[in-house]
Amino acid sequence: MKTIKDPVHGYISVNEKILPLLDSPQVQRLRHIRQLGFSDMVYPGANHTRFEHSLGTMHLAGILAKRLKLDDNDVLLSMVSGILHDIGHGPFSHATEPLIEEYIGRSHHEVEHMLRETEISGAVEKIGLDPSEICRMIEGKHKLAGIIHGDLDVDRMDYLMRDAHYTGVPYGTVDAQRLIQSTILSENGLALKDTGIIAAESLLIARTLMRPTIYFHHVSRIAESMVKAAAVRHLEVTGSDRANELLSMDDGSFSVELMNSESESASTLMKSLMRRSLYKRSIYVGLDQIRMSSVLRSSDSIDERKIATEIAETAGVNEDFVLVDIPSFPSPMSIDVMVENRNDLVSLEEMSPLLNTLNDTRRIQWRMGVYTLPEYRRAVESAATEILNISKPTKQNKLNI
């Protein structure tokens, strides 16, 4: 047994069987992937990594699995899934997720190729676990997947507490121990006893408040848009067949690759990012200001680069100087709660009116951004307003900007 000092959970014990996984190149790479991408441009302390988050997730997964009285194999499965759940992340975490999906055709949850084709394969084999079962846990398809892949999973518990700790933002308070003690195993998977409702509501409030404050802060979104544009320009020169290699790098190697790119646009964008010389908001609006909002609700199918090119042409500026950022529309949060006195499973909406309010808040928080260099802001604003059919904000939305 190895003991690791963690700033969030105190001491974390690592099972001897899991140690070879920690030493694998794929897990060690996570030491060089920042958990919050470019959030350190807003919160200088936000330099924690996917590696320490994975350790925390493994730690809480083990506690929860034992609390559920799972057998030794399922406890080990839960802990291994926790330590491996983020190995599919690209450089700067979620910043490059859209590129992985576009160029490689998978999400960061899909890691079976890594479990079968890399050094991790041998380590998993020695532990005696089935790689397919680990993949189902990470992808949310296993009967126990709710431990690390659900609305109240230990992954969320750890990252909310950890991100709040390193940013100094006081909104990520989560009573992880109460949630774990209140979690039960039902016929349909994990559920929550009614004694954990307040703790569950607290976690959902934390998620809701952390979204605009950290995860969707406009500076982070601008930086992410710049790095995506740089990577696209780089792959236009090198060829898209290099996408897998590029997106398997860590933050440092990826940054050096783009700064030294043969594409002048890619190099300029990445060097600007490293100097924190960022594009500025030209348009930053909610759904109530966009008359094409019914289309944006399915924003996964929106071609941001095509819209950016059209705006740039209308504004009379180089297309490299316009970036369009249309985040996915937030999906509703929903949780099953075990009500003991009725011995039945009901949705949390029936027990707590707060959940509907939080889902409404998440919709109001949504923003679409159009970013450009400072000298082009007015021209780009005018062009984007026309092309996207943007209206003036309502009184309600003004209060939430």
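**View 1. Ring pairs join Phe-38, Phe-92 and Phe-254 into a cluster.** Rings of Phe, Tyr and Trp (its six-membered ring) pair if their centres lie within 6.5 Å, and planes under 30 degrees apart count as stacked, over 60 as edge-to-face and the rest as tilted. This is a predicted model, in which local features need pLDDT of at least 70 and side-chain atom pairs count only at pLDDT 80 or more, while totals for chains, interfaces and linings use all residues. Residues are numbered from 1 along each chain as its sequence is written, and side-chain values use heavy atoms, with hydrogens and water left out. The structure holds five aromatic pairs. One of them, Phe-92 with Phe-254, is edge-to-face, with 6.2 Å centre to centre and 70 degrees between the planes. Phe-92 and Phe-254 are both buried (under 20% relative accessible area, where exposed is over 50% and partly exposed lies in between, with a 1.4 Å probe and protein chains only).

**View 2. The rings of Phe-321 and Tyr-376 are stacked, because their centres are 5.6 Å apart and their planes are at 20 degrees.** Phe-321 is partly exposed, with a relative accessible area of 26%, and Tyr-376 is partly exposed with a relative accessible area of 26%.

**View 3. The charged end of Arg-281 sits over the ring of Tyr-284, 5.0 Å from its centre.** A charge sits over a ring if NZ of Lys or CZ of Arg is within 6 Å of the ring centre and within 35 degrees of the ring normal. Elsewhere, Lys-5 lies over the face of Tyr-11, at 5.1 Å from the ring centre.
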